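I opened my notebook to look up a few things in this structure. Here is what I wrote down, entry by entry.

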Amino acid sequence: MADQVVLGIGASPRKGGNSDILLGYILKGVKNSGVACEEVQLRNYQFSSCIGCEKCRAKPECTGLQDGMQLLYPKLAKARGLVLVSPTHNYNMTAWMKAFIDRLYCLYMFTDDRPRHYSSSLAGQGRKMVLGAVGEQPSYEEAIGFTLDAMRLPFEALGYETVARIPVLGIFDKGRIAAETEILERAEAAGVQLAKAVSGTSG
């Protein structure tokens, strides 16, 4: 059903790597729960960072840049569930994910007072999300840094509720995560949890 669609967004520049595999297993849990999902890899879309033109203040959509984001906005609007997965680059999410998030500025409505108050066009719709991050170092602070929170906070401000977070530590070699059964089981379980959350089922 349309209100049960889950959108999975990958932000890795490395095709077929650990982040792609992690995202695939989360979405596997979603699909096995009978909820439709779609996978999007940001590396396959050509889009720019937000240029701060403020044209979206006149109309709540991005009209200042006509690029690949125009293909992603409808997918995000349709999906009630969201999966975000990024490898950690310099203690944070990748530049692809950062640019994607910044381009969601058009989804906010602001008041004219100072400091301005805001609301989101996606809020109040029961939207849920799962976050995943992959890092090379064995300790959380070194491996993941700000990655999970840097994705979580903007989307919670937009109206999403986080149902699961999956930090993956000590993984770098391409595809190595495929041998980490416990991680993959956690990822699939998170997909099941997300599917239940967006479809309103429990147990």
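This is a predicted model: local features need pLDDT of at least 70, side-chain atom pairs count only at pLDDT 80 or more; totals for chains, interfaces and linings use all residues.

**Entry 1: a cis bond.** Next I asked myself: which residues does a cis peptide bond join? I found R114 and P115, with omega at about -5°. I placed P115 in the loop between strand 4 (108-110) and strand 5 (118-120).

**Entry 2: helix 1 and helix 6.** I turned to helix 1 (residues 18-32) and helix 6 (residues 181-199), whose axes are 7 Å apart and pack at an angle of about 45°. Angles under 35 degrees would count as roughly parallel, and those from 65 to 115 as roughly perpendicular, so helix 1 is oblique to helix 6. I noted their crossing as right-handed. On the helix 1 side I listed contact residues including I21, L22, Y25 and I26, and on the helix 6 side, among others, I183, L184, A187 and E188. Sorting this contact by class, I got eleven nonpolar, three polar and two charged residues.

**Entry 3: helix 3 and helix 5.** How do the axes of helix 3 and helix 5 cross? I found that they cross at roughly 10° and come within 11 Å, with helix 5 covering residues 147-158. Because angles under 35 degrees count as roughly parallel, helix 3 is roughly parallel to helix 5. This crossing I wrote down as left-handed. From helix 3, M97, F100 and I101 meet A150, M151, P154 and F155 of helix 5. By class, I have seven nonpolar residues in this contact, no polar ones and no charged ones.

**Entry 4: the largest pocket.** The largest pocket holds about 320 Å³. I saw that 19 residues line the largest pocket, and P87, T88, H89, V134 and F172 lie nearest its centre. Helix 1 turned up again here: helix 1 and helix 4 (140-143) each supply at least two residues of the lining. My tally for the lining of the largest pocket is seven nonpolar, nine polar and three charged residues.

Terms used:
Residues are numbered from 1 along each chain as its sequence is written. Side-chain values use heavy atoms; hydrogens and water are left out. Axes are lines fitted to C-alpha atoms, for helices over the stretch in contact, and angles run from 0 to 180 degrees between N-to-C directions. Helices (H or I, at least four residues) and strands (E, at least two) are DSSP runs, numbered from the N terminus. Angles under 35 degrees count as roughly parallel, over 145 as roughly antiparallel, 65 to 115 as roughly perpendicular and the rest as oblique. A crossing is left-handed if the near helix is turned anticlockwise from the far one by less than a right angle, and right-handed if clockwise. Contact means heavy atoms within 4.5 Å. Ala, Val, Leu, Ile, Met, Phe, Trp, Tyr, Cys and Pro count as nonpolar, Asp, Glu, Lys and Arg as charged, and the others, Gly among them, as polar. On a 1 Å grid over the protein atoms alone, a cavity is a set of points where a 1.4 Å probe fits but cannot get out, and a pocket is an open set with protein on both sides within 12 Å along at least five of seven lines; lining residues have an atom within 4 Å of a point. Grid points are joined across faces, edges and corners, and a volume is the space filled by probe spheres set on the points.
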